Amino acid sequence: MSTALLVSDLSVAVENKQILDGFSLEVPFGEIHAIMGPNGSGKSTFCHVLTGKSGYQVRGSASLAGDDLLSLDVDERARLGLLQSFQYPTQVAGVRLREFMMEAAEEMGLDADEAATRIEAESERFGMRPFLERSVNGDLSGGEKKRSEIFQMAVLRPKVALLDEVDSGLDIDAVKQVSEAVEEMRSPELGVVMITHYSRILRYLSPDRIHVMIDGRIVDRGGSELAEELESGGYKGLRKRLGIEKVVDDGPMRKPADFFTETPFDV
Amino acid sequence: MTAFNAADHANSKSNVPSWRASQMDSALEIFETLDEPTGFEEDWRYVDYDLPFAELAQIEDPGEPLSDGPFLASLTNNSGRVLIVDGQVLEVGSSSASISTLRDLESDEREFSVVAVDHNKLAAAHGAFANDAVFVDVVPNQVMDAPLVIEVQGVTPGTASFPHISVAVGENAEAQVLVVYRSADGAELLMVPEIDLQVVDGGRLRFMSVQSLDHAATNVVHQRMTLGRDATGRLGEVGLGAKLGRLDLGVSLEGDGASSELVGLYFGEGSQTLDYRILINHSGRNTSSDVFLKGAVEDDAQSVFTGLLRIEKDARRTSTFETNRNLVLSENGKAHSVPNLEILCDDVICGHASSVGPLQDDDLYYLQSRGLSRERAERLLIKGFFQEVIDRLPITGLEAPVSEAVFRRFVQAQSEGRVA
């Protein structure tokens, strides 16, 4: 099966602080891969770097179905077929969801009739119909925002879907619904990368492969047994098995004067 | 040329009722003692005013009316039309309100000036030289189901004109009035309109103005609305034109239970100054008001919003809020936003929100991440920004031309690389 997403030796720093360090990943079309890792391990950074957010120093390579991603602008990557479901979707005042999707679909090369038909069908399926004439993500609950992200994917049909914590902030029914939607999207034309720090969502969908990310690198890869190990022993147990020391980053040495400009207590 | 001085004052009075002539005489005395704004006055501090009356002529005969503009074409329904050219009322017709001009009111003395004559030199000029007016009376319980359209045009270059519109909404009556300001292409002129809106107990008024003057014109509007018990006033203000466009707007919620809403949008380009000076005064009890203004500036344009919410000592259970959002789309564009509260009563709910800045990077990133080009994302954000106001305009039927006007302005600037 051909490769949807190929990431090789990706290293990312923000203001000279290393976030990702030699990160590699291959996701074939038709598969769902999960990246699991504790808070702060660099999962969201990985998504934003692939999507093309500015402000990162990036080395290494990433390609979608063989086309280089990293040299492209955000919108060019999306038009190539990369779509991220955001952990915290932005509220865009005054821009209506339907209009937004019509414009995006046009950019993706869909004709207006087909776009309108998809919007109708997918909004019905994901219960988004009441939100079509409202501002994008305006006054939506956490679960509704995630549903909106999945709805947008269903309309735009990417080749690679990056789902950044699509399960966070959702109640159990919503997690189920989103998982089912992701399973339904599974197709030979799509590769899915799902980022999560809970194994909860993995009860409802079965990834083909699980990658565990700690401190900016993949430390282990495997099948569902890896999720079970994390469920019982947590990341602490995994660190122990793999012999990874917890890195305590004190940051650069600070001058005494620095302490007077910040909150003195680390809470 | 008929000048703005005592010698030529008689000209302007030749055709007005005697009660108005004596008002004009006393206003002239004040006019002569005042100077044009210099920019040092607190309420003119951001404004560069440079149009002395010494260089302007009085209107002798009104010029030719302009051909139809874009805003009224889409309005399918109206309940009457009034045409004011160079301050003179040329046409009057209404199916649902009684309309008089100054000349119809020979023995019916009215209060005329909506602000104190010594408010500033321009208000004094209006008091001294305004020699025509329309008085719209909506009788108690009358319902206007379509707007009365009042076209206010300035066409003769080098002149100052003083359009005067007074709307009185009777008890439990419901009125809709739309004013469209326009001027002749390239005509340097001054327009100093006064708009007097009186809504008595239980009355409801929807009033909207579209200021779409040519960029050579200067427009300084003094507008006041007074609301009686349980009266409602909804105002919509669209500001697109003029070299200097100033709206000095006061709303007085005098009756218990009165409520007002002011929504507006402005978009400055070139070297325009769009200046909003707003005072919402609550003196009745249980009154509520909301101010919602959004604007953008590009090129070297600047905008000013100063909005004071004032709650008097006995105005218990007042609820009031003001919001002013500004987009600055070029390096040299400037937006000043100064919301103020003056609260003399302790049983109130009141607040304000204000912002000035460029399009948000996060918004652009989100839209681009769905495949929209940067340019398309910007256009969609501009449209969305103003859509929140357009959705709330008090008179329906003008959404499309207003939306198109702001959108076209941005798209053109974008295609010429004038916005960041």
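Modeller: Helix H4 (residues 121-129) of chain B is mostly covered, with 9 of its 9 residues buried. The model is a predicted one: local features need pLDDT of at least 70 and side-chain atom pairs count only at pLDDT 80 or more, while totals for chains, interfaces and linings use all residues. Residues are numbered from 1 along each chain as its sequence is written, and chains are lettered from A and ligands numbered from 1 in the order in which they are written.

Two terms are needed here. Helices (H or I, at least four residues) and strands (E, at least two) are DSSP runs, numbered from the N terminus. A residue is buried if 20 or more other C-beta atoms lie within 10 Å of its own, exposed if 12 or fewer, and partly exposed in between, with the C-beta atoms placed from the backbone.

The buried residues of H4(B) are B:Lys121, B:Leu122, B:Ala123, B:Ala124, B:Ala125, B:His126, B:Gly127, B:Ala128 and B:Phe129. Their cover includes helix H1 (6-13), helix H2 (18-33), strand E6 (160-161), strand E10 (194-199) and strand E12 (218-227) of chain B. Here, a contact means that the C-beta atoms of two residues, placed from the backbone, lie within 7 Å.

Now the chain around this helix. Chain B has 7 helices and 21 strands, and 52% of its 420 residues count as buried. Of the contacts in chain B between residues at least 6 apart in sequence, 83% join residues at least 24 apart. The C-alpha trace of chain B spans about 70 × 50 × 45 Å along its principal axes. The radius of gyration of chain B is 21 Å, which agrees with the value near 22 Å that a compact globule of 420 residues would have. That radius is taken over C-alpha atoms, and the globule rule is 2.2 Å times the number of residues to the power 0.38.

One loop residue of chain B deserves a remark. B:Asn141 sits in the loop between strand E4 (134-138) and strand E5 (148-154) of chain B. B:Asn141 has a positive phi of about 70° although it is not a glycine, and it counts as exposed because it has 12 C-beta neighbours inside 10 Å.

A:Asp9, which is not a glycine, has a positive phi of about 50°. A:Asp9 belongs to strand E1 (residues 3-14) of chain A and counts as partly exposed, because it has 13 C-beta neighbours inside 10 Å. E1(A) pairs with strand E4 (residues 57-64) of chain A in the antiparallel sense over 7 bridges; two strands pair if DSSP finds at least two bridges between them. Across this pairing, A:Val12 stands opposite A:Val58 in E4(A). E4(A) is also joined by 2 bridges to strand E5 (residues 67-68) of chain A, running antiparallel. There, A:Ser63 has A:Asp68 in E5(A) as its bridge partner. E4(A) and E5(A) make a hairpin with 2 residues between them, and A:Ala65 in the turn has a positive phi of about 50°.

Chain A also holds an open sheet of 6 strands in the order E6-E9-E10-E3-E11-E12, with mixed pairing. Its edge strands, each pairing on one side only, are strand E6 (82-85) and strand E12 (217-222) of chain A. Neighbouring strands of the sheet are turned by 20° against each other on average, direction ignored. Axes are lines fitted to C-alpha atoms, for helices over the stretch in contact, and angles run from 0 to 180 degrees between N-to-C directions. E6(A) and strand E9 (residues 160-164) of chain A pair in the parallel sense over 4 bridges, and A:Gln84 has A:Leu162 in E9(A) as its bridge partner. H5(A) packs on the sheet, touching E6 and E9 of chain A, and its direction makes about 165° with that of E6(A).

Finally, the two chains meet in a contact that takes 19 residues from chain A and 19 residues from chain B. On the chain A side, the elements that give two or more residues are helix H2 (74-80), strand E7 (92-96), helix H3 (97-107) and helix H5 (142-156) of chain A.
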